[in-house]
Amino acid sequence: MEAFIQPLFVNIAIVFSFTHLINMIYPLHPGVIPGIRNKVLFGVISGIAALVCMLYPIETLRDSFFDLRNVPIMIVTLYSGWLPGAICSLFVIAARTIMGGEFVWLGIVLTLLAFIVALTYQKFFDEDKRRWISALYISIVYTLFYILFIHTYLKFLTLNFYLVYFSCFLVAFFSCIFLIERLVKINMQLKEAVYLDKLAVAGQMAAAIAHEVRNPMTTIRGMIQFLGSTTTDMKLKEYSPLLIEELDRTNKIITDYLSMVKPEEPKLESIKLEKVLSDVVSLTAPYGHIYNVDVEGSRIGPYVVNVDEQKLKQGLINIIKNGIEAIDESGNIHLYTYKATKKSITIAIEDNGAGMTKEQLEQIGLPFYTTKAKGTGLGMMVTYKLIQDMGGKIRYESEVNIGTRVLLTLPLCSKTLQPE
């Protein structure tokens, strides 16, 4: 029994170590699709992890070699796609061929089995919001096929081997998924912490100068308006509306800053989410029509959220307006339910616009960052602040030339309404 357990525990430690190594090189974030270079890197690192596992096999099983080399193959395929999985599988197949032996063909077949099963269910795993259920299904399918193969061709394996090996395999597989999901969550929390620090700096700046600048601006606007209406100077009459317009635009920037930093507590109440979304679609549809963009929403269901209705509407309008302006010629924006749990609901606002790069995604919501020619970068900053004050979260997923999906998570008050 000890001869079985010891090398398998070493294998589990190896898989965990290389998972942390990948996260150090390329911090894992939800919805961020790695490029070809990073996928190749994932495949190489996973392949090395599998090879290191093969250095510590169970050595008491004649000419066969059992270790946890297939765990990295399945994990990297499920999370990153066929290319990293294929690279990792090629590493293992090459090493197993070099090792030789009577059952070399069986080792290659089992490697391909791991890759094929993971690749077959990769899309199902990637899209399923309850990954533990899909992971359980995948592990059962793979384990049954694995047992069928080795039971058919390796008659000398004992019951103890089956119990120990597959227990360790499942522990490694599920623990690795748990570790990755935790790392993703931690990375998101770190990213939010950095963002809040930057937000605090911008807030201090705003609090220091906003009121001091706003008061003389109000006086200047009044004087220009008065002079423009009483003067006989045609140039002043011509340019005074433009001056007033620019002063109003500057005043709006200051208002955005103040709405971001002023300590106004949101007035939380139980609101029918579907009604709010319907109102927002109605408000933004005419603006979308100007840009040949259709704004539409699917039926959300009888969910009740605990939010400030006006702040939620303001945040949603900002998000939809950005989506409309990101579409070059014509397109659509679709609102629908992305995920619902007992405590929260996530709404997706999806467009088919220009999309954003990974670098642009990391900058969204930061002070003064914008992709618009005339933008200030304050709109999304204010939106982040509004949603966070209500206990919600915003997350972006985007691909260049395909579109952007904004995931807005809100606290759920009650899943269904009581009959009125």
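Buried here means under 20% relative accessible area. Keep that cut-off at hand for these exercises on a predicted model.

**Exercise 1.** Which residues of helix H11 are buried, and what does a side chain of Asp-308 reach at the start of the helix?

*Solution.* Begin with burial: Glu-309, Lys-311, Leu-312, Lys-313, Gly-315, Leu-316, Ile-319, Ile-320, Gly-323 and Ile-324 fall under the cut-off in H11. Next, turn to the start of H11, where a side-chain oxygen of Asp-308 comes to within 3.2 Å of the backbone nitrogen of Gln-310.

**Exercise 2.** Work out what span the 17 residues of H11 should have at 1.5 Å a residue, and compare it with the model.

*Solution.* The expected span uses one less than the number of residues, times 1.5 Å. For H11 (residues 309-325) this gives 24 Å. The end C-alpha atoms are 24 Å apart, so the two agree. Now try H7 (residues 131-153): its 23 residues reach 33 Å from first C-alpha to last, close to the expected 33 Å.

**Exercise 3.** Find which residues touch the most other members of the largest nonpolar core, and follow Ile-150.

*Solution.* This core has 59 residues, and Phe-66, Ile-150, Phe-161 and Tyr-165 touch the most other members. Its largest share, 13 residues, comes from H8. Ile-150 is among the buried residues of H7, as are Ile-138 and Tyr-146. Setting aside neighbours within four places in sequence, Ile-150 contacts Phe-66, Leu-110, Leu-157, Phe-161, Tyr-162 and Phe-166. Finally, look for a second, separate core: it has 36 residues, including Leu-273, Ile-319, Ile-327 and Ile-394.

How values were computed: Residues are numbered from 1 along each chain as its sequence is written. This is a predicted model: local features need pLDDT of at least 70, side-chain atom pairs count only at pLDDT 80 or more; totals for chains, interfaces and linings use all residues. Side-chain values use heavy atoms; hydrogens and water are left out. Helices (H or I, at least four residues) and strands (E, at least two) are DSSP runs, numbered from the N terminus. Buried means under 20% relative accessible area, exposed over 50%, partly exposed in between (1.4 Å probe, protein chains only). A polar contact is a pair of N or O atoms within 3.5 Å; within protein, one must be able to donate a hydrogen and the other to accept it, and residues adjacent in sequence count only if both atoms are side-chain atoms. A nonpolar core is a set of buried Ala, Val, Leu, Ile, Met, Phe, Trp, Tyr and Cys residues joined through side-chain atoms within 4.5 Å. Contact means heavy atoms within 4.5 Å.
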